[in-house]
Amino acid sequence: MFVLFIHKSSLWLKQHRSLVCLFLSPGITSCHATKPGMLNVHLVPHTHDDVGWLKTVDQYYYGDRNDIQHAGQYILDSVVDQLLKNQDRRFIYVETAFFYRWWKSQSSSVQQTVKQLVNEGRLEFVNGGWCMSDEAATHYSAVIDQMTIGLRFLNETFGAFGRPRVTWHIDPFGHAWEHASMFAQMGFDGFFFGRLDYQDRARRMRNKEQELLWRASDSLTPPMADLFTGMQSFFLHPFMLMTSGLSNRTVSHYFLTVCPR
């Protein structure tokens, strides 16, 4: 899956450069150079692996019961291979639960190679929790626990280079300011999500309001619960729409009405 960030060189870019390309720890400078006065496009490949949904965690990881959903954990083998083949390539990984299982089955030489990619900023972690937690029904204590488990593993394995700088919630259905407040207090620099009401999205796209500083608490003194927030242009990318059984005419109508230029 890919996220596309398009921007022109501006003061916003200078202030939020680490959020536009890769979301790097201080001191890492692996972002590609931009050209002033040009339209710069950043293509950010990332994972989106459900830690349980239509199948169990084991079925997702081993690719079992693909008659239910075609999914299996083949990402990291190919990602590491491709990153090594081209110094210009970057990748961000989201779900620590699956990365942990993959990591534990690798040889020491592969682990050392992955650590080098992380140290170079070419393989980066975002969100960092054991999973991408639901924001509507999950109690805050469970959110903190699962984030702690994932972040602790990354810290113990990769140190400061493995620390996620932004949280990544592209699939939860709705977004609670309590979550944003917790993420801000955890030290994240930004919050990116994908799903929101289609009418709200269309309005924000027209008014260019898909980036904001979310003041996520009335009781905490700013900027303790302030968090830069970005909304992806749309969640259903063309491939997902084309394979959903919808006609080409319906897909075209979607992009022309819900995602106006």
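Biologist: Which residues of α7 are buried?
Modeller: His179, Ala180, Ser181, Met182, Phe183 and Ala184 are the buried ones in α7. Keep in mind that this is a predicted model.

Biologist: Let's take α6 then. At what angle do the axes of α6 and α7 cross?
Modeller: Roughly 40°, and the axes come within 11 Å. The crossing is right-handed. On the α6 side the contact is made by Tyr140, Val143, Ile144 and Met147, and on the α7 side by His179, Met182 and Phe183.

Biologist: What classes of residue does that contact of α6 with α7 have?
Modeller: There are 6 nonpolar residues, 1 polar and no charged ones.

Biologist: Nice. What about α4, how does that one pack with α6?
Modeller: Helix α4 (residues 96–104) and helix α6 (residues 140–158) pack at about 40°, their axes 10 Å apart. That angle is why α4 counts as oblique to α6. The crossing is left-handed in this case.

Biologist: Which residues meet there?
Modeller: From α4 you have Thr96, Phe99, Tyr100 and Trp103, and they meet Gly150, Phe153, Leu154, Thr157 and Phe158 of α6. Sorted by class, the contact of α4 with α6 has 6 nonpolar residues, 3 polar and no charged.

Biologist: Switching to the loops: where does histidine 175 lie?
Modeller: Histidine 175 is in the loop that links β5 (166–169) and α7 (177–185).

Biologist: What does the side chain of histidine 175 join in a polar contact?
Modeller: The side chain of glutamate 135, in a polar contact of 2.8 Å. A polar atom of the histidine 175 side chain also lies 2.7 Å from the backbone oxygen of arginine 195.

Biologist: Which other residues is histidine 175 in contact with?
Modeller: Setting aside neighbours within four places in sequence, the contacts of histidine 175 are Glu135, His169, Phe191, Phe193, Arg195 and Trp214.

Biologist: What does the side chain of asparagine 127 reach?
Modeller: It reaches the backbone nitrogen of tryptophan 168, at 3.1 Å. Not counting residues up to four places away in sequence, asparagine 127 touches a list of residues including Val94, Met147, Leu151, Trp168, His169 and Phe188.

Biologist: Last one, zooming out. How many helices and strands are in the protein chain?
Modeller: The protein chain has 10 helices and 8 strands. Of its 261 residues, 45% count as buried. As for contacts between residues at least 6 apart in sequence, 66% join residues at least 24 apart.

Technical notes:
Residues numbered from 1 in each chain as written. Predicted model: local features only at pLDDT ≥ 70, side-chain atom pairs only at ≥ 80, totals over all residues. Heavy atoms only, no water. Axes fitted to C-alpha atoms, helices over the stretch in contact; angles between N-to-C directions. Helix = DSSP H or I, 4+ residues; strand = E, 2+ residues; numbered from the N terminus. Parallel < 35°, antiparallel > 145°, perpendicular 65-115°, else oblique. Left-handed = near helix turned anticlockwise from the far one by under 90°. Contact = heavy atoms within 4.5 Å. Nonpolar A, V, L, I, M, F, W, Y, C, P; charged D, E, K, R; others polar. Polar contact = N/O pair within 3.5 Å; in protein donor to acceptor, adjacent residues only side chain to side chain. Buried < 20%, exposed > 50% of the residue type's maximum accessible area, 1.4 Å probe, protein only.
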